[in-house]
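Good morning, colleagues. Please take a moment with the sequence and the model on the screen, and I shall then go through the chain element by element.

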Amino acid sequence: MAESNQNPAIAAAIIGVIGSISVAIITNWDKLTGQQKDAASPPAQQIVTATYPPIAKTTPAVVESSPVIDISGDWYNPAAPTAGGTHIDQQSDSFEFQGWGMLAQGIGYTSKGSGNLIAQTLTYDYTAQYQNGWVSKGNCTGTVTPNGAKITATCTDTIMGTYVSAGVRQ
C-alpha cells in the first residue's frame with residue numbers, strides 16, 4: 001500500500017520536470033538552432049513642426065436677432081369663421097391663449113394653452129374642455145407667416161387624434 005501512495009508524487013515530479021525542460025527549450029530555441037533574433041530597434045520618428053502665418057485679429061461680427069413676430073390678438077379659423085376663435089396674449093417669444101368654438105358634431109368647447117415662438121416656428125400645448133364632459137390634451141407644432149397674419153399647425157390630441165389647425169388674425 002505504501003507504494004501506491006508514491007505513484008501520484010512521482011507522476012507530478014515527472015510532469016514538472018518535463019514542463020521545465022519544455023519551457024527552457026522554447027525560450028532558447030534560437031540558440032539551439034543557431035538562428036539569431038533580429039533585435040532591430042523601432043524606427044526613429046521624425047518630428048516635423050509646421051510654420052503657420054499669424055492669425056489676423058478680427059472683431060466678431062454682430063449678429064442681430066430677428067424681431068419676434070407679433071401674434072397677439074384675436075384669431076379665427078378661415079374654414080369656419082363663425083365656429084369660434086382664439087385670443088392670444090404674447091410676451092416676447094412666449095404666449096398664452098384661450099379658445100372657444102363648436103365642433104362639426106355640434107359639441108361646444110373651450111381651450112387654454114401656452115407655447116413658444118422662435119423665428120417663424122411655434123410650439124404649444126393645450127387642454128380642451130367639451131360641453132359633453134370630455135377633456136382632451138394636445139400639442140401642436142407649426143409656422144407663422146413673416147407678417148404674423150396666418151398660423152398653420154399640426155396637432156396631436158388625446159381625443160381628436162392628429163389634425164391641422166389654421167388661424168387668421170382678425
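This is a predicted model: local features need pLDDT of at least 70, side-chain atom pairs count only at pLDDT 80 or more; totals for chains, interfaces and linings use all residues.

I begin with Ser 111, which has its place in strand β4. Residues are numbered from 1 along each chain as its sequence is written, and side-chain values use heavy atoms, with hydrogens and water left out.

Is Ser 111 buried or exposed? Ser 111 counts as buried because its relative accessibility is 11%; buried here means under 20% relative accessible area, exposed means over 50%, and partly exposed lies in between, with a 1.4 Å probe and protein chains only. Leaving aside neighbours within four places in sequence, Ser 111 is in contact with Phe 97, Gln 98, Gly 99, Thr 127 and Ala 128, where contact means heavy atoms within 4.5 Å.

As for the chain overall, its secondary structure comes to two helices and eight strands. These elements are DSSP runs numbered from the N terminus, helices being H or I of at least four residues and strands E of at least two. Along the sequence the pattern reads α-α-β-β-β-β-β-β-β-β. The chain has 170 residues, of which 21% count as buried. Among contacts between residues at least 6 apart in sequence, 29% join residues at least 24 apart.

Let me turn to strand β3. In a regular strand the side chains alternate between the two faces of the sheet. The covered face of β3 has Phe 95, Phe 97, Gly 99 and Gly 101, and the uncovered face has Ser 94, Glu 96, Gln 98, Trp 100 and Met 102.

How many bridges join β2 to β3? There are eight, and the two strands run antiparallel; strands are said to pair if DSSP finds at least two bridges between them. His 87 stands opposite Gln 98 in β3. The hairpin of β2 and β3 has two residues between the strands, and Ser 92 takes a positive phi near 60 degrees there.

On to the next pair: β3 and β4 also run antiparallel, joined by nine bridges. Glu 96 has Ser 114 in β4 as its bridge partner. Five residues lie between the strands of this β3 and β4 hairpin, in which Gly 106 has a positive phi near 85 degrees. Gly 106, in the loop between β3 and β4, counts as partly exposed because its relative accessibility is 42%. Its C-alpha atom is separated by 9.9 Å from that of Ala 83, 23 residues apart along the chain.

Strand β6 comes next, at residues 135-144. Nine bridges join β6 to β5 in an antiparallel arrangement, and Ala 128 has Ser 136 in β6 as its bridge partner. Their hairpin has four residues between the strands, with Gly 133 at a positive phi near 100 degrees. On to β7: seven bridges join β6 to it, again antiparallel, and Gly 142 has Ala 153 in β7 as its bridge partner. The hairpin of β6 and β7 has five residues between the strands, and Gly 148 takes a positive phi near 70 degrees.

Which residues does the disulfide join? Cys 140 is joined to Cys 155, with S to S 2.1 Å; a disulfide is a pair of cysteine sulfur atoms within 2.5 Å. Cys 140 lies in strand β6 and Cys 155 in strand β7, so the pair ties together parts that are 15 residues apart in sequence. The link of Cys 140 and Cys 155 is right-handed, with 115 degrees about the S-S bond. Cys 140 counts as buried at 2% relative accessibility, and Cys 155 is buried with a relative accessible area of 1%.

A pocket is an open set of points on a 1 Å grid over the protein atoms alone, where a 1.4 Å probe fits, with protein on both sides within 12 Å along at least five of seven lines; lining residues have an atom within 4 Å of a point. Of the 33 lining residues, the closest to the centre of the pocket are Asn 77, Thr 86, Tyr 109, Tyr 163 and Ser 165.
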